[in-house]
Amino acid sequence: MLEVAGLHVAYGSTIAVKELDLEVGPTEAVALLGPNGAGKSSTLAAISQVTASRGRVRFDDQDLSGVPAERVSRMGLIQVPEGRHVFPTLTVEENLRMGQVAAAGRTDGYGLDDVYELFPALVELRKRQGYVLSGGEQQMVAIGRALVAAPRLLMLDEPSLGLSPRVAKQVFQALNVIRERTPLLVVEQNTRLALATCGRGYVLSDGEAVMSGDGAKLEDRSALLASYLGQVDAVAAEDTALD
């Protein structure tokens, strides 16, 4: 579904991503792991054609070189950005309906009822404006808006960022349901949540893939993985918070 080869992203003299190769199959959920500054968000931006890059990006056998970002989304490559970017003066339901613009006539997407079933907390909030929502509620709206856009592949940038362990777990429970229907590429620093959802992963450090493999193998190498992610002291804390 997605094939990236030799991806290189630079901001002036700063190299953010170095010759990165990755793939996401049509039935896969894949994690992109790494510490802050590893190049994860730059990778998603380059795939979405929001950021200039070198290398090859193919989506459903179509070369995305030179394709405008708005057309990429209309092709079904949908991203939930870091920070959620909910429209503050629109209601929850109006925010969700905005996603229908990117559906571009595809009828195999998710309806509003599907979103409310995934995120029951939004049902009573459907008339509430975005600016009064909590961080977790905004994340649910952002993911729901992307689902209404009929994604053929859904990319999420740090979906658990800033959320309590309880709410983060709820969000990833929804992603476990979504992955049964839609392939995912998930940028995440919470390795346990990411690998519990994603069958395979890549670990980035300084813009390069330093490790890859299926989720079970990455979990088995947790000490090495934690050292790359700068999370050696956080592993026990994650265990406690998510049990």
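Author: Fine. Note that this is a predicted model. Start with D60 and R152, which form a salt bridge whose closest N and O atoms are 2.3 Å apart.

Reader: Where do D60 and R152 sit in the chain?

Author: D60 is in the loop between β4 (54-59) and β5 (62-63), and R152 is in the loop between α6 (135-148) and β7. They are 92 residues apart, and the pair links distant parts of the chain.

Reader: Is D60 buried, exposed or partly exposed, and what about R152?

Author: D60 is partly exposed, with a relative accessible area of 29%. R152 also counts as partly exposed, at 26% relative accessibility.

Reader: Why would two such side chains pair up?

Author: Side chains of opposite charge can pair when their charged atoms come close.

Reader: How many salt bridges does the structure hold?

Author: The structure holds six. One of the salt bridges is between E158 and K40, with the closest N and O atoms 3.8 Å apart. E158 lies in the loop between β7 (153-157) and α7 (165-178) while K40 is in helix α1 (residues 40-47), so this pair ties together parts that are 118 residues apart in sequence.

Reader: Are E158 and K40 buried or exposed?

Author: E158 counts as buried at 6% relative accessibility. K40 counts as buried too, at 5%.

Reader: You put K40 in α1. How many residues of that helix are buried?

Author: Seven of the eight residues of α1 are buried, so the helix is largely enclosed by the rest of the structure. The buried ones are K40, S42, T43, L44, A45, A46 and I47.

Reader: What follows α1?

Author: Q49 follows the helix, and its phi is positive, near 70 degrees.

Reader: Back to salt bridges. Which residues are linked in a network?

Author: E93, R97 and R126 are. R97 and E93 are four residues apart in helix α3 (residues 92-98), so about one helical turn separates them.

Reader: New topic, the whole chain. How many helices and strands?

Author: The chain has eleven helices and ten strands. Its radius of gyration is 17 Å, close to the 18 Å that the globule rule gives for 243 residues, so the chain is as compact as a globular protein of that length. Its C-alpha atoms fill a box of roughly 45 × 45 × 35 Å along the principal axes.

Reader: What percentage of the residues is buried?

Author: Buried residues make up 50% of the 243. The chain exposes about 11100 Å², and carbon and sulfur atoms supply 48% of that area.

Reader: And the contacts, what share joins residues at least 24 apart?

Author: Among contacts between residues at least 6 apart in sequence, the share is 68%.

How values were computed
Residues numbered from 1 in each chain as written. Predicted model: local features only at pLDDT ≥ 70, side-chain atom pairs only at ≥ 80, totals over all residues. Heavy atoms only, no water. Helix = DSSP H or I, 4+ residues; strand = E, 2+ residues; numbered from the N terminus. Rg over C-alpha atoms; globule rule 2.2 N^0.38 Å. Buried < 20%, exposed > 50% of the residue type's maximum accessible area, 1.4 Å probe, protein only. Contact = heavy atoms within 4.5 Å. Areas by Shrake-Rupley, 256 points an atom, 1.4 Å probe, with all protein chains shown as cover. Salt bridge = Lys/Arg side-chain N within 4 Å of Asp/Glu carboxyl O.
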